[in-house]
Amino acid sequence: MSQAPRRTVVVLAAGEGKRMRSATPKVLHSLLGRTLLGHVLAAAAPAAAEQTIVVVGHKADQVREHLAEIAPTAVPVLQAEQNGTGHAMRIALDAAPDAAGTVVVLNGDVPLLRAETVTALIEAHEAGNRAATVLAAAVDDPTGLGRIVRDAGGGLARIVEERDASAEVRAIREINAGIYAFDVAQLRTALGKLSTDNDQGEEYLTDVFGLLAEVGSAVGVHVAADARETLGANDRAQLAGLRAMLRDRINTDLMRSGVSILDPATTWIDVTVTVEPDAVIDQNSQLRGDTRVETGAVIGPDTTLVDTAVGAGATVLRTHSIGAEIGPEATVGPFSYLRPGTRMGRKSKVGGFVETKNAELGDGAKVPHLTYVGDATIGAKANIGAGTIFANYDGVNKHRTTVGEAAFVGSDTVLIAPVEIGPGAYVAAGSAIDKRVPPGNLGVTRAQQRNVEGWTARRRAGTVSAEAAERAADKGKVE
């Protein structure tokens, strides 16, 4: 039984990214569910590397902290002085003295890179028994990028950075994507021969290819099927462009899997989101984080879901939801706000202009309109009238309200927690309830109504109200 090939992944993530004009390191800028660095690490995962090394530099502590969250097994290695990619690679290999076989080198700012492309690069490199393989791409505008210079036989002769390139080399449209596979042993030897004799006075990792070719080692080129995968982000305008490309990729993949996206240009879905076939996503909707949408659910228009689970057949219209669970066939919206801890049962309803927080709704429970539900349990088939307030905060502590199965709470009611409304109980509209209402009872706290005769004529004389009252009084006399 053959042994699995030995592999190491190195991600170069030490740069500052000055053109971002940001206090955040470039590789920690995010798009659609992951940071730039997070996207690159996800693309490298199928390589099944023995170890993953991330070279950090600018604001290294921030990058280390992020790595601890998203890739705790990755090893951050500090490049204190940015002396070039060759220098960064030497530092990385010094931290991995036992590395053998293939080392895959990735830049930390290429979020569109697919795992399939990384895998194909590795397979081509190892199948060709090469010392080095570069990932290349053919682009319309190669400005600012290193060029792939081929030899007479079509193989790789060298890689030339634009600042060091002649006019003839600058005319080449095949560019270096900054993604490589090397034989570790031969790379170590070549790194020891690098010089700083170039425009930047730095050690270029790309010079390794020429050094290896000079001694007759096999070097090769693997061309990416889609050049967009190799694009990096040097400023926020480029980052926005990559975000739009990734949006289109995600939406296309989902639509081809059976999801209906009615307006892909205004639908933004994170790579971490799961959407099942036959779900419908309407325009101007965002699905973010750990959101899951089951089959037959309808989301939007104008809806944002963050870390929200939506059950099969549910409808969520013009809603903002964070950390909620929406049960099968439930309905939400329009203009609803579901906050963390909201859990809705099957066929339950949260209607227009309703806010919920840490609230549980049983199967078939309804909160149709204009209500705040905080820290509450609402039983199956209970109904909460319009304008009801669950007063959960006493200024110091939060308290919980329980509304029993099939209970009915009238409109414009305040339930002052902690309080319980029993199963089948009713609360009269306009009540302020701070004591338990037993099952089957009616809770009411209204004061007796009294009408002050002639008040409008005396206190609001000359107003339109007084005139209307006088006309009504005269009409009554006639009748």
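View 1. Ala-429 lies in the loop between β35 and β36, where helices (H or I, at least four residues) and strands (E, at least two) are DSSP runs numbered from the N terminus. The model shown here is predicted, so local features need pLDDT of at least 70 and side-chain atom pairs count only at pLDDT 80 or more, while totals for chains, interfaces and linings use all residues. Residues are numbered from 1 along each chain as its sequence is written, and side-chain values use heavy atoms, with hydrogens and water left out. At 32% relative accessibility, Ala-429 counts as partly exposed; buried means under 20% relative accessible area, exposed over 50%, and partly exposed in between (1.4 Å probe, protein chains only). Leaving aside neighbours within four places in sequence, Ala-429 is in contact with Gly-410, Ser-411, Thr-413 and Arg-446, contact meaning heavy atoms within 4.5 Å. Arg-446 is found in the loop between β37 (442–443) and α9 (455–459), and with a relative accessible area of 52% this arginine is exposed. Residues up to four places away in sequence not being counted, Arg-446 touches Ala-428 and Ala-429. A polar atom of the side chain of Arg-446 lies 2.7 Å from the backbone oxygen of Ala-429, which can be compared with the definition of a polar contact: a pair of N or O atoms within 3.5 Å, where within protein one must be able to donate a hydrogen and the other to accept it, and residues adjacent in sequence count only if both atoms are side-chain atoms.

**View 2. The positions that UniProt marks as "binding site".** An unreviewed UniProt entry places this feature at Ala-386, Asn-392, Tyr-393, Ser-411, Ala-429 and Arg-446. They span 61 residues in sequence, and the farthest two C-alpha atoms are 22.8 Å apart, so the positions do not all gather at one spot. UniProt positions are given in the numbering used here, feature names are shortened, and annotations may be inferred rather than shown by experiment.

**View 3. Ser-431, a buried loop residue.** Ser-431 is found in the loop between β35 (426–427) and β36 (432–433), and its relative accessible area of 2% makes this serine buried. A polar atom of the side chain of Ser-431 lies 3.2 Å from the backbone nitrogen of Thr-445. Not counting residues up to four places away in sequence, Ser-431 touches Asp-412, Thr-413, Val-414, Gly-443, Val-444 and Thr-445.

**View 4. The packing of helices α6 and α7.** Two packed helices are described by the angle between their axes and the distance between the axes. Helix α6 (residues 184–191) and helix α7 (residues 207–214) pack at an angle of about 105 degrees, with their axes 10 Å apart. That makes α6 roughly perpendicular to α7, since angles of 65 to 115 degrees count as roughly perpendicular, under 35 as roughly parallel, over 145 as roughly antiparallel and the rest as oblique. The contact is made by Gln-186, Leu-187, Ala-190 and Leu-191 of α6, together with Val-208, Leu-211 and Leu-212 of α7. The residues of this contact divide into 6 nonpolar, 1 polar and no charged; Ala, Val, Leu, Ile, Met, Phe, Trp, Tyr, Cys and Pro count as nonpolar, Asp, Glu, Lys and Arg as charged, and the others, Gly among them, as polar. Axes are lines fitted to C-alpha atoms, for helices over the stretch in contact, and angles run from 0 to 180 degrees between N-to-C directions.

**View 5. Val-149 and Glu-162, two buried residues****.** Val-149 lies in strand β8 (residues 147–150) and, at 10% relative accessibility, counts as buried. Among the residues that Val-149 touches, not counting those up to four places away in sequence, are Leu-156, Val-160 and Ile-172. Glu-162 is found in the loop between β9 (156–160) and α5 (167–170), and at 19% relative accessibility this glutamate counts as buried. Its contacts, leaving aside neighbours within four places in sequence, include Pro-142, Arg-147 and Arg-170.

View 6. Most residues other than glycine have a negative phi, and most peptide bonds are trans. A cis peptide bond joins Gly-300 and Pro-301, with omega about 10 degrees, and Pro-301 lies in the loop between β18 (298–299) and β19 (304–306). The bond from Gly-333 to Pro-334 is cis as well, with omega near 5 degrees. Asn-129, although not a glycine, has a positive phi of about 50 degrees, and at 69% relative accessibility Asn-129 counts as exposed.
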